[in-house]
Amino acid sequence: MPELPEVETVVKGLKDKIIGKQIESVTELRVNTLYNHTDENVWDCSEVIIDITRRGKYILINVGNRFNFVVHLRMTGKLVYAEHEQISPHTRAVINFRDNTLLQFEDIRTFGSIKAYNIDATDPAILKLGPEPLLEEFNANYLNEVLQKKKSPIKTILLDQTVIAGLGNIYVCELLYRINIHPLTLGNRLTKAEVKRVITATKEVLAEALIHNGTSISDFRNIDDKPGSFQKFLRVYQKKQCPKGHAIERIKIGGRSTFFCPICQKSK
DNA sequence: ATTGCTTCCTGAGCGC
DNA sequence: TGCGCTCAGGAAGCAA
């Protein structure tokens with residue numbers, strides 16, 4: 001399940017491989033993968049890839065400074081760069097370049113998509129995103145103000161992309177363990193000191209995961225189909241024991257599996 | 001306005 | 001061996 005570090009890893013790989021390449025065509029192998037929100041036949045444009053950036057979990061491919069291809073990998077989406085076509089049963093779309101290389105969009109569960117927008121427009125969901133966790137704009141003053149109004153569990157709040165952009169289930173479980181906060185703690189019950197710890201732990205866990213090219217649980221791969229390695233450093237997610245040897249508990253919060261240590265994470 | 005549940009989808013893992 | 005069941009999960013859409 002690609003979260004911020006995994007998406008950022010994909011973006012870095014794309015920058016190395018496809019900047020400057022001219023598009024030949026974009027083809028859809030499964031319906032409801034490509035969405036054209038421009039008024040042009042954008043999938044047949046001959047534009048050049050200018051840049052690739054990230055916002056939250058969204059990948060933004062700048063095409064000829066005229067369009068953005070907005071890619072969301074959701075659960076199982078992958079972008080795979082290839083010198084030769086290697087269509088699999090899960091290939092949903094292919095971006096063909098003039099030099100005969102290509103970028104394949106693979107997606108087992110088919111939740112992902114590629115949406116084209118004019119360069120001055122954007123996906124409405126992106127406009128609603130909260131701050132980037134690794135920037136200074138994600139700070140204790142901001143989060144404290146948001147949490148004061150929230151009566152839902154901190155676990156649920158941190159998964160809300162309009163509060164903070166880019167976190168998913170793995171990193172929220174991990175960061176709450178690191179600061180000994182119980183995932184069911186209500187947002188408005190966190191102390192100012194705890195809010196500061198949330199900020200610090202969020203930035204730390206994401207930075208560490210970035211160094212290791214993300215977490216490859218389920219089937220995350222970078223564009224060379226290589227896995228990340230942060231799964232080696234997980235402390236609670238899908239674990240039986242925390243690093244101190246306590247038994248991990250697994251509960252559902254907001255329909256999501258939540259892993260935590262009932263001994264280390266007591267505040268509630 | 002805010003919160004929370006359901007839905008989309010397919011493969012893995014499990015019990016029998 | 002193989003069938004059927006449950007589960008995983010981001011975020012849109014809808015209901016309360």
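Let's start at Val 10, which is found in helix H1, residues 4–18. Buried or exposed? Val 10 has 1% relative accessibility, so it counts as buried. Now look across to Arg 54. Val 10 and Arg 54 are 44 residues apart in sequence, yet their C-alpha atoms are 9.5 Å apart in space.

One caution before going on. This is a predicted model.

Now the whole chain. Chain A has six helices and eleven strands.

Next, burial and contacts. Of the 268 residues in chain A, 54% are buried. Take the contacts with a separation of 6 or more: 64% of them join residues 24 or more positions apart.

Chain A exposes about 12300 Å². Carbon and sulfur atoms supply 48% of that area. As for charge, there are 38 positive and 31 negative side chains. The centres of those two sets lie 11 Å apart.

Now the inside. How many residues does the largest nonpolar core have? It has 40. Leu 143, Leu 158, Leu 167, Leu 175, Val 198 and Tyr 237 have the most contacts inside it. Which elements give two or more residues to this core? They are helix H3 at 140–148, helix H4 at 154–159, helix H5 at 169–178 and helix H6 at 192–211. There is also a second, separate core of 29 residues. Cys 45, Ile 49, Val 63 and Ile 95 are among its members.

Let's zoom in on Leu 158. It lies in helix H4. Its relative accessible area is 0%, so Leu 158 is buried. What does Leu 158 touch, leaving aside neighbours within four places in sequence? The list is Ile 164, Leu 167, Val 172, Leu 175, Leu 176 and Val 198. For a contrast in distance, take Gly 77. Leu 158 and Gly 77 are 81 residues apart along the chain, and 22 Å separates their C-alpha atoms.

Several of those names bring us to H5. Is helix H5 enclosed or open? Ten of its ten residues are buried, so H5 is largely enclosed by the rest of the structure.

Asn 32 has phi near 65°, a positive value in a residue other than glycine. Where does Asn 32 lie? In the loop between strand E1, 23–28, and strand E2, 34–36. Asn 213 also has a positive phi, near 60°. Its place is the loop between H6 and strand E10, 249–253. With 37% relative accessibility, Asn 213 counts as partly exposed.

Asn 62 is found in strand E4, residues 58–63. Asn 62 counts as buried, because its relative accessibility is 14% and the cut-off is under 20%. Beyond four places in sequence, Asn 62 touches Val 48, Ile 49, Ile 50, Asp 51, Phe 67, Asn 68 and Ile 119. Ile 49 from that list is also in the second core.

Last stop, Arg 109. It lies in the loop between strand E8, 102–107, and strand E9, 113–118. Its relative accessible area is 48%, so Arg 109 is partly exposed. Which residues does Arg 109 touch, not counting those up to four places away in sequence? Met 75 and Thr 76. Arg 109 and Met 75 are 34 residues apart along the chain, with their C-alpha atoms separated by 7.2 Å.

Technical notes: Residues numbered from 1 in each chain as written. Chains lettered and ligands numbered in written order. Predicted model: local features only at pLDDT ≥ 70, side-chain atom pairs only at ≥ 80, totals over all residues. Heavy atoms only, no water. Helix = DSSP H or I, 4+ residues; strand = E, 2+ residues; numbered from the N terminus. Buried < 20%, exposed > 50% of the residue type's maximum accessible area, 1.4 Å probe, protein only. Contact = heavy atoms within 4.5 Å. Areas by Shrake-Rupley, 256 points an atom, 1.4 Å probe, with all protein chains shown as cover. Lys, Arg positive; Asp, Glu negative; His and termini not counted. Charge placed at Lys NZ, Arg CZ, Asp CG, Glu CD. Core = buried A, V, L, I, M, F, W, Y, C linked by side-chain atoms within 4.5 Å.
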